[in-house]
Amino acid sequence: MGVQGLWPILWPASDNRSLLEFAANEGFRPQSGPSGGLKLLTVGVDVSTWMHSVCPVSQFNHAGAGPNPELCALFIRLAAVLAMPMHVFFVFDGPGRPPTKRGKHTGGKSHWLSHAFQELLDAFGFRWCQAPGEAEAELAALSQRGFIDMVLTTDNDTLIFGSTCVARCRRFDNIKIYTEHAIAGCQAVHLTRADLVLMALVRSGDYNEGLPGCGIKIAHGLTKYKLAEPLLDAFSTMSRSEFVGFLPGWRNTLRRVLRADPEGLLGRKYTDVASVIPDSFPDYGVLQSYVMPLTSFSSSSSSSANRPCPYHIESRQPSLGALATLCERHFWKAETIVVKMRATIWEGALVRLMCGLPKQLGDQTVANLTLMFIHRSLVNTTGSKLVVYNVRYHGRQFGDAVRTALSLPRSKVTGKLDGPEDEELKYLTLPACVVEYALPVEAQRFTDLSTEQTPALDAGREARERAETRAFLWSDDLPPVPSNSPVSRSNVIDLTTDTDAENAANESDDDSEVEIIIG
């Protein structure tokens, strides 16, 4: 939870974006040089916030929500981030976390969803770890050292621990991004990490009750008197005995500010709050929990800041067979899994494949994909716009990987994209950066055929409602394409030949199948 009332204080420094758009426009970086490769946005996730958020989903009708509704909700959420071109690293709380938070015993046992969630993460190809202490502190340490680009959470404690970039996320299509530079530089906020620690001490946080009568407005006002930096400097540089000797003078300054408000920065005098400050404030252990929490980098050695990352963070491709097996075990019947995974997993699996992520050990999924370009368009997202390609995709190989794992008959569909609808065909909306990275020549050839400017498309109400669970913009019902437009369903580039753009535009529907071999 962190400090109650802190998010509204920080709001002016936030940047509202769609997570998909941010990953595609800001985090997608093809690398130059002889080695090449691709750098993706790397996002760290505090697992406890996800597991706790799905538990109330079915508490009023658990029996009517189907088998394992909590785990199924996590599956859908993972499927959403799978379709975003980014690495996602999940961190679980560890055995060294504080025994009490907000006066409640945290217990020594793991969350009851932890084991099954870890199995899902492995099958999806996402990396995870168990922190030595609190997950938020571990994520902040990884953020400070540049091993992850952003922390995805609903808990502002991660900022207090020192994360350089935090995305407050309740919906993937509308996240609020906070960076330490924006928080410190925004005139309406102007808070440093030391200020955030001071606010947690006086207002109350996960480890302390704060000062009686001190609300978030008073806490924010106290930061304007520059009390935080001297406190943290003393704590970080002095021995414990020296720090204890430093505290009386600092406490008296705090009391004087509250009693007199000498510069008028608080707006009024708070003598009642000043009178209840105990001589034990601030508690050394509480301050240590915020400033020097237990992490993988905790060490008395001065070289700990240069220590290499102890984890493998970059994601892999999903194992469709493993996912199908888990779905059958936990929440779906075998005969429905191919159709359900087609709706939830195919798009993400294709994005991961086109980004060139490595396969998991033992994964034998064939990477021969049948794809048809339909049109390239611009969609509105929260705070910005995103260029996408609409394609028609035949996922026979993906479907057969699922059928093999479930001991079902393999598909008899031949992979025709211009034939009747069947369970393998699907319309997909892929970020342009992914398509143009994996298929630069083919994407450029298709774009050159589009002689008229495709109008900007609003995502629309239906797509946005679907984005609440799918977390990015796509629709089975594609926007209509004018019959006289060169960007039509019959204009398909044959990616398996050297046919130039002019001839490709005149090819018949019978030759509209395209086999793309990736990786």
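## Helix 18

Ser407, which follows helix 18, has a positive phi, near 60 degrees. Helices here are DSSP runs of H or I with at least four residues, strands are E runs of at least two, and both are numbered from the N terminus. Helix 18 spans residues 396-405, and its buried residues are Phe398, Gly399, Asp400, Ala401, Val402 and Arg403. Buried denotes under 20% relative accessible area, exposed over 50%, and partly exposed the range in between (1.4 Å probe, protein chains only).

## Basis of the model

This is a predicted model, in which local features need pLDDT of at least 70 and side-chain atom pairs count only at pLDDT 80 or more, whereas totals for chains, interfaces and linings use all residues. Residues are numbered from 1 along each chain as its sequence is written, and side-chain values use heavy atoms, with hydrogens and water left out.

## Strand pairing

Strand 11 (residues 174-179) runs antiparallel to strand 1 (residues 15-17), to which three bridges join it; two strands pair if DSSP finds at least two bridges between them. Within this pairing, Asn16 stands opposite Lys176.

Strand 11 also pairs with strand 10 (residues 165-171), again in the antiparallel sense, over six bridges. Ala167 has Ile177 of strand 11 as its bridge partner. A hairpin of two residues connects strand 10 to strand 11.

## Surroundings of Ser143

Ser143 lies in helix 6 (residues 135-144) and counts as buried because its relative accessibility is 4%. Its side chain makes a polar contact of 2.9 Å with the side chain of Thr164. A polar contact is a pair of N or O atoms within 3.5 Å; within protein, one must be able to donate a hydrogen and the other to accept it, and residues adjacent in sequence count only if both atoms are side-chain atoms.

Beyond four places in sequence, Ser143 is in contact (heavy atoms within 4.5 Å) with Ile148, Val151, Ser163, Thr164 and Cys165.

## Nonpolar cores

The largest nonpolar core comprises 86 residues, and those with the most contacts inside it are Trp50, Phe90, Phe117, Phe124, Met341 and Ile345. Such a core is a set of buried Ala, Val, Leu, Ile, Met, Phe, Trp, Tyr and Cys residues joined through side-chain atoms within 4.5 Å. Helix 4 (residues 69-82) contributes the largest share of this core, nine residues. Another core, of 69 residues, lies apart from it and includes Tyr178, Leu222, Leu232 and Tyr284.

## Cysteines

The whole structure contains zero disulfides, a disulfide being a pair of cysteine sulfur atoms within 2.5 Å. For Cys433, the nearest cysteine sulfur is that of Cys355, 7.2 Å away. Cys433 is buried because its relative accessible area is 19%.
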